[in-house]
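Open the model in your viewer and keep the selection panel handy. We will walk through it one selection at a time.

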2 protein chains.
Amino acid sequence: MTRSSVAADAVPPCFDETFTALLTELFRWRRDVRRFRRDPVHAETIEELVRLATLAPSVGHSQPWRFVSVEDAGRRKAIIGNFNRCNEAALATFDGEEAERYARLKLAGLCEAPVHLAVFCDKAPVAGRGLGRMTMPETLAYSVVGAVQNLALAARARGLGVGWVSILDPSDIATILDVPAEWQFVSYLCIGQPEEEHLDPELERHGWQDRLPQSAVLHRR
Amino acid sequence: MTRSSVAADAVPPCFDETFTALLTELFRWRRDVRRFRRDPVHAETIEELVRLATLAPSVGHSQPWRFVSVEDAGRRKAIIGNFNRCNEAALATFDGEEAERYARLKLAGLCEAPVHLAVFCDKAPVAGRGLGRMTMPETLAYSVVGAVQNLALAARARGLGVGWVSILDPSDIATILDVPAEWQFVSYLCIGQPEEEHLDPELERHGWQDRLPQSAVLHRR
């Protein structure tokens with residue numbers, strides 16, 4: 001991670017139009033990736049991505065993010081088994097042509113991705129002393145999600161793809177990874193070199209769902 | 001928003017080391033802001049920020065984010081009243097020196113920020129057809145949080161500050177803003193020019209909570 005000197009820290013850098021335009025391109029080219037090459041990723045790169053993730057805001061500065069690098073082959077196999085079971089159950093909720101289309105979608109890259117990173121939220125963090133979350137305890141998990149978004153953007157800037165797998169049973173994942181009882185499962189990330197680059201989301205590309213217009217999203221009161 | 005031509009869209013831009021270093025600086029200099037100048041912000045800027053926010057990933061491409069620009073003075077007053085009541089209740093949970101320290105913190109910039117943006121999650125979106133969230137319905141709200149993080153980064157790159165207010169009663173906010181019953185309140189954002197720039201989070205700066213070491217955050221299995 002870039003470290004500025006103390007003097008330089010007093011003055012923020014200039015985020016000029018060139019940077020802002022490239023930041024927009026980064027948002028556009030960040031994709032949820034499910035098609036990975038098997039090339040390994042350096043452990044230091046993952047450490048750097050986690051460091052950048054934790055620059056996200058957190059409620060009461062509680063920093064409840066807990067990252068688990070899943071390296072053990074047996075644990076990975078159990079995770080993949082869990083995904084397969086959950087995905088079959090999800091497929092069973094669709095009928096006819098929709099079920100056929102669902103079955104053709106590739107929804108995770110668990111078998112190919114060189115890096116598996118499970119992300120949890122410590123529901124009882126000491127840090128922050130409870131500040132800011134009395135009426136909305138869910139903001140703890142939300143803090144973790146902001147960190148994941150930082151991580152996905154930082155990864156894409158480095159040519160790496162990130163895929164968020166949510167078709168998993170949260171309590172099974174906590175058991176498989178043997179984490180403390182107060183850690184809530186938030187996200188399972190596959191990370192690696194993407195096989196391909198494209199601008200349109202997988203589910204748009206494969207005819208599942210188009211983008212909504214801005215008028216559906218921004219309202220006034 | 002930058003729009004590339006179709007031909008240019010086929011090839012991703014080069015995110016070089018200069019960009020990546022500046023992206024790291026953007027993560028570092030993005031702060032949760034509570035001290036705003038009253039200078040107005042153009043409506044087009046807010047529209048652009050919302051457009052960039054919605055480039056975040058969403059579960060099943062469900063795009064459940066719903067942004068409400070709160071412009072009516074009466075509604076803003078009701079929101080501020082809600083914050084004051086919730087903040088007094090939170091203060092009452094602390095004792096002695098800790099309560100004094102809590103009372104001195106500035107936890108929102110609702111009175112000064114020129115833009116108020118409430119962010120909701122449509123819990124029953126048509127888009128996405130339920131894909132990806134059968135075992136983890138909370139990923140709908142998580143998708144909205146990723147969009148908020150995009151928005152905060154894009155705002156900071158444009159010299160704007162964003163403050164996330166969570167000391168609010170979610171059901172009261174939905175009532176005050178008269179939104180559909182299926183919209184879940186996720187986040188209330190104050191947006192405007194920050195009064196000051198600094199690298200350390202407000203709560204670190206004012207002695208409430210320090211940063212955790214990486215060893216507390218990254219684990220192996």
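Start by selecting strand 5 of chain A, residues 218-220, together with strand 1 of chain B: the two run parallel and are joined by 3 bridges. Zoom in on A:H219, and opposite this residue you will find B:V68, part of strand 1 of chain B. Bear in mind as you look that this is a predicted model, with an ipTM of 0.94 and a pTM of 0.94.

Now widen the view to the whole contact between the chains. Chain A puts in 83 residues and chain B also 83. Which element of chain B gives the most to the side that touches chain A? Select helix 2 of chain B, which supplies 11 residues.

Next, go to the largest nonpolar core, a set of 118 residues. The members that touch the most others are A:V119, A:L151, B:V119 and B:L151. Pick A:L151 and show its surroundings: beyond its neighbours within four places in sequence, A:L151 is in contact with A:L49, A:L52, A:A53 and A:V162.

Finally, colour chain A by pLDDT. The average is 94, and 96% of the residues score at least 70. Residues 1-8 of chain A stay under 50, and the model gives this stretch 8 contacts beyond four places in sequence.

Definitions and conventions
Residues numbered from 1 in each chain as written. Chains lettered and ligands numbered in written order. Predicted model: local features only at pLDDT ≥ 70, side-chain atom pairs only at ≥ 80, totals over all residues. Contact = placed C-beta atoms within 7 Å. Helix = DSSP H or I, 4+ residues; strand = E, 2+ residues; numbered from the N terminus. Pairing = 2+ DSSP bridges. pLDDT = per-residue confidence, 0-100. Core = buried A, V, L, I, M, F, W, Y, C linked by C-beta atoms within 7 Å. Buried ≥ 20, exposed ≤ 12 C-beta atoms within 10 Å, placed from the backbone.
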